[in-house]
Amino acid sequence: MPQVFPRYANVLTWVIIAGVFLAANIGGVAAMIFARSPYATHSQLMLTQPVQFSHAHHVNGLGIDCRYCHNSVEDSNYANIPPTKTCMNCHSQIWVGSKMLEPVRESFRTGKSLEWERIHRLSDFVYFDHSIHVTKGVGCASCHGRVDHMQAVYQKGTLLMEWCLDCHRAPERYLRPRDQVFNMDFKPEDLQQANGKPHTQATLGAELRKKYDIRSLIECSTCHR
Amino acid sequence: MSSMTQNEKPTLDLEAVMKRLESSDGKQYWRSLEELAAGEGFQEMLQREFPRQAGEWTDPVTRRKFLTLMGASLALAGLSGCRPPGGKIVPNISDPEGVVPGKPLFYATAMPHAGYGMGLLAESNQGRPTKVEGNPEQSASQGATDVFAQASVLGLYDPDREAGLTYLGQPRVWDDAVAALRAELTKSGKGKGVYLLTETITSPTLLNQLENEFLNDYPEVQWVQHEPAASDTPIAGAKAAFGVACQPVYAMAQADVIFSLDADFLSRGPGHLRYTRDFSSRRNLEKLDKMNRLYAAESVFSNTGIKADNRLGFRAVEIDRVAQFLAFQLKVEGISEPKGLSAQARHWLTIAAEDLASREKGKTLVIAGDEASTLCHALAALINDKLGNAGKTVHYIDPVHARPGDRAKSLRALVDDMTMGKVQTLVIVGANPVYTAGADIDFKAALDKVPTRFRLGLYHDETSRLCHWHIPDSHYLESWGDVRAFDGTATIIQPLIAPLFGGGNLHDLFADLSSKPSRTAVDLVKDYWKAWFSAPARAGLNSSTTFEKFYRKSLHDGVVAGTNFPYKQVKPLASATADAERVLASLPEWTVGSVSNLEITFRPDEAVFDGRFANNGWLLEMPKSSTKITWDNAAIMSLKTALELGVALMTESRPELEGGKYHSGAASFGITGGEHGRAFVDTLRFTYQGRTLVLPVWVVPGHPDYTINVQLGYGRERAGKVGTKDVGADVYKIRVASDPWSGLGVKVERTGKQHILASTQAHHYMEGRNLVRSGTAEQTMKDDHWVHKVNGGGHGEEHDHGHGKTPLSILDGKDFTYKGHKWGMVINLTACTGCSACVVACQAENNIPVVGKLEVTRGREMHWIRIDRYFEGNPLKPEELKAHYQPLPCMQCENAPCEQVCPVAATAHSYDGLNDMVYNRCVGTRYCSNNCPYKVRRFNFLQYTDYASVSLKMVSNPEVTVRTRGVMEKCTYCVQRIRQAEVEAEKRGKLKAEREGRALNRESDCKIQDGEVLSACQAVCPAGAILFGDLNDPKSKISQARAKLENLNYSLLDELNTSPRTTYLAEVRNPNPKLVSSGKGAG
């Protein structure tokens, strides 16, 4: 009986097996990379808002504290998006004729809410509580980035679970003193250690973790219920 | 596998079963007759974690629909790939004062039910009421709620309420309706020819409006109250005994011995939550010598009967004689000895009477049930007086509801007037008389003779369909008002949300019809209480505080202080016994029960009450306590009655046999009957007073012989989408209004047809193994180790696994000590009355979906906590038969078998030792459920959660994930409440440490206080049967209970070494030793 397969079939078989293996791996890795990409996580994405509110101007330029608008951040899971009234507290006095602010005035006049585009969206099965993070010394900027430099707010992190766990596994990497939580410009180096040397995040974090008695909570029901 | 074929039908060998029961030492607990028969088919069923078909989708129509939906969702998925982050944020214009976004608010209010109020704290999440808890300050609730209150939140959002205000089906506005009604009222004189039909009214404001404004302006209006599931006999009975109309309220906690004359005081009536609480306060396991004793003589197998220490079944017709015999034995002067009682009944009653007589005066209590006759109530009052109970354990107050009288009679008078054409205009408020009037009152035909009909109702139901005007009523969570509780305490009803479907309530209607139409309900309520407050009688009160302060406090507390009715001093009439004797003499001759002389009793249903909750999925799917039937009503009878009637009981459960093979003739048990919860039962045609009704049969062992119980509220024609089609049978069709609760002379014939009942009694079976442990107080006081020395069920040997020892672990070095909190639960079987409030509360708290009858028959109900009901004893000897309830949530095992088999770690232990369930990780292998010995895991076989109905989205608890298809779920110990409490404790601790200027110490600063976290089931329980708390805190109630009652505390299936966090306190009863049957253990 003549040979059914030519000699190169051996090589071809190995090439195919290796090829399938490689393709599967490359495919897998590509999928992982894709899942973390800004395209899939919607990070870095800026949206057109009804009013082009600039955090950079209000926070960095005017020095308004985060809590002036996001007033329930210390008490509740929800940081609150300010009501139209909060805008009008100032804008009934200044920039009263601004065309840009017409939607705000219209909202106040008609009683119809402004409809902001949501930027940060966690999945429905995730329960995040702002108040406890703020209480534990996690700065606004640690998660939200330098909002004070953003003309239009975008999502800085991926909001993937690994992004949360990055901190939950070792909170000392991000902790800051409680009175610095709302300081967008905080740097650990600004503080001094007991021996007089400037702090690093490592030294400060370790110290604060001990002082605040902070656990590393990575169990499921911490966030999923 | 079973050798049984379809044609070969093993039948229950009754004799063999009885023999086995007799010969077994120790106790045998069983859940269904099939289990008792324990044939091969049953064993086969046991092998399946989920019953046949549970994993398949066999219905071709829904399959096609599913494929269509799949197509749609794929299309959506494609589109959503490039969506922006998603959603809009729509903030307020101006934030309301006192609201912290993201935090729920609680408002004190009350739910009116059959006229009477139950105090509630309603939770509002961002303006949406999502859950109610009991109001601890209010007398009827004392922090507990019942199933109706829990399910009322779903009723609020019921999409079927969306009928709008209509005239002849055309949309109109409120003012049109008011103008039309005003025109009718002023047409001829002052309301002549206008009749008002309402439900029971206790609301002080409404009564004031009605009597002082409306009936003042239109004095010729006739007002009638209709309440199909309420009874007027308690007041009439008290009047017969004392000469004044008054109603009894009980001080249950003061009574050492309670005798119930067909009274189901633990589950029905406006005061039942309070009575349950007080009753169980005297069943404290730490004070066994102070334990009360309950005798129940009853015509059904009620929850009260199940909890009774000594119980004897009677036909309802015999209850008067029982009362008479008791009165005779207790030497109530002038009461003669009744004839006809069986020797057994005489023996039992004599001993009970001796017990009552031997106690201290004023320490006993005889309660007649709502359904009992006027005579029975009068006799109970006389006995209580004789025993010195009046003013001690029973108090009499003025009737709480307006114009007490014979409501059935006044309805009949109304219908007569309607038939005679005297009624020009009928305004029906609430009540659904077309459905509930009763078979001997042809309300429908009479209604036809009324020229103009108005209806103010929650639903466009049977009555609204026949009315010209339908005005949507507002739900109690949508409107202002007030209501009185069983003892007269008033609560102001506060709305939590504006009416979702438009409309208004009766306050608004009366106000708009009055000469001062600009007032709204909120003004009316305030004005009424202002007048009340300023009255001279309240001089002490109004001199010490201002009305505003008083009103705000009343709103805040949910109770208007000082409104409970004062106790009356009453003396029996000299002629009372003679009157009673006269009525007794006029009673028909005593007849012995038999299948040719059957009795029928009517009771409001545990789930849908009189039919008003017939469109509530939570209630319809709640397994009823003694039958475990869902989505249906049935004719309940004893095994003996069923055998003598020759009905085939639960014959076939195989779908391929549906409508095919049917075994008629002598009683036979299908061994697989009840598998899937799909019980194929015979239907019977009942003929009662010339009217017929077909009902499926359900056998409840322990039910009295020759009396058949049927439940009101089903078979609605226009209940809504959920409750209309094929949901039970309408027993109002054979109920006569003149004798609404029972009657003799029912003729029964077999129809030869069968009906599928969805009963969950055979679901989640744990193979017997002495899961329930029950003993007597006497035995326990001697030696409480009996709990751990029980016969090991299937093992057949005495053993004491792990009791008090560190549990073994296959994982070396695994310890179960936890830093910080260690949550645990103790369920007290002595206290549990099986009321199912925990089941519905859990459903409301945890967004548990409703699956429907078909899915229940496949064993797919989703309740996280179930209440297993076990029988004990010989089903043919109802007098000896006992039943036990055992609530079963997730046991939160330390060595959790589910965790060990999950391939994706979707269920895992948390830092405080909870057995977490992570929905987003679950891939739906169901291994965990397969490996769970307690059968507490539930799987979303289909997309059960309703994403489509807009209004139903609002009922969800925002703190709990809404689960989707293909995900496993189970009890989490209400982890959302624990985590929230933790966050609050951490914040509190931070403040404390900061204030004291020191580093934080979690152990001491951030401790959650005992009682700060209540699981939903614990919070709702009127009996206090569920204790939840921190096992690491030696001072917590749960630790104390476990320590003090160590020997009564046991865990389920201890021998499996799962080391459950949830443990049970054994059931202890206090039967009269003289009545304990010999031989088989005690209790």
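Domain bounds in these legends come from an automatic or database domain assignment. The structure is a predicted model, in which local features need pLDDT of at least 70 and side-chain atom pairs count only at pLDDT 80 or more, while totals for chains, interfaces and linings use all residues. Residues are numbered from 1 along each chain as its sequence is written, and chains are lettered from A, with ligands numbered from 1, in the order in which they are written.

**View 1. Domains of chain B.** Chain B is divided into domain 1 (105-150), domain 2 (159-230 + 403-557), domain 3 (247-397) and domain 4 (598-759). Its secondary structure comes to 34 helices and 39 strands; helices (H or I, at least four residues) and strands (E, at least two) are DSSP runs, numbered from the N terminus. Of the 1083 residues of chain B, 56% count as buried, that is, with 20 or more other C-beta atoms within 10 Å of their own, the C-beta atoms being placed from the backbone.

**View 2. Domain 2 of chain B against domain 4 of chain B.** The centres of the two domains, taken over C-alpha atoms, are separated by 35 Å. Domain 2 of chain B brings 18 residues to the contact and domain 4 of chain B brings 21 residues; two residues are in contact if their C-beta atoms, placed from the backbone, lie within 7 Å. On the domain 2 side, helices H14 (407-419), H15 (433-436) and H17 (462-465) of chain B each supply at least two residues, and H14(B) gives the most, with 3 residues. This side has 9 nonpolar, 3 polar and 6 charged residues; Ala, Val, Leu, Ile, Met, Phe, Trp, Tyr, Cys and Pro count as nonpolar, Asp, Glu, Lys and Arg as charged, and the others, Gly among them, as polar.

**View 3. Chain A against chain B.** The contact takes 42 residues from chain A and 39 residues from chain B. The largest share of the chain A side, 3 residues, comes from H7(A). By class, the chain A side has 16 nonpolar, 14 polar and 12 charged residues.

**View 4. Strand pairing between the chains.** S1(A) pairs in the antiparallel sense with strand S2 (residues 88-89) of chain B over 2 bridges; strands pair if DSSP finds at least two bridges between them. A:Glu117 has B:Lys88 in S2(B) as its bridge partner.

**View 5. Helices H7(B) and H19(B).** The axes of helix H7 (residues 204-217) of chain B and helix H19 (residues 521-534) of chain B come within 9 Å and cross at roughly 90°. The contact of H7(B) with H19(B) comprises 4 nonpolar, 3 polar and no charged residues.

Conventions:
A residue is buried if 20 or more other C-beta atoms lie within 10 Å of its own, exposed if 12 or fewer, and partly exposed in between; C-beta atoms are placed from the backbone. Axes are lines fitted to C-alpha atoms, for helices over the stretch in contact, and angles run from 0 to 180 degrees between N-to-C directions.
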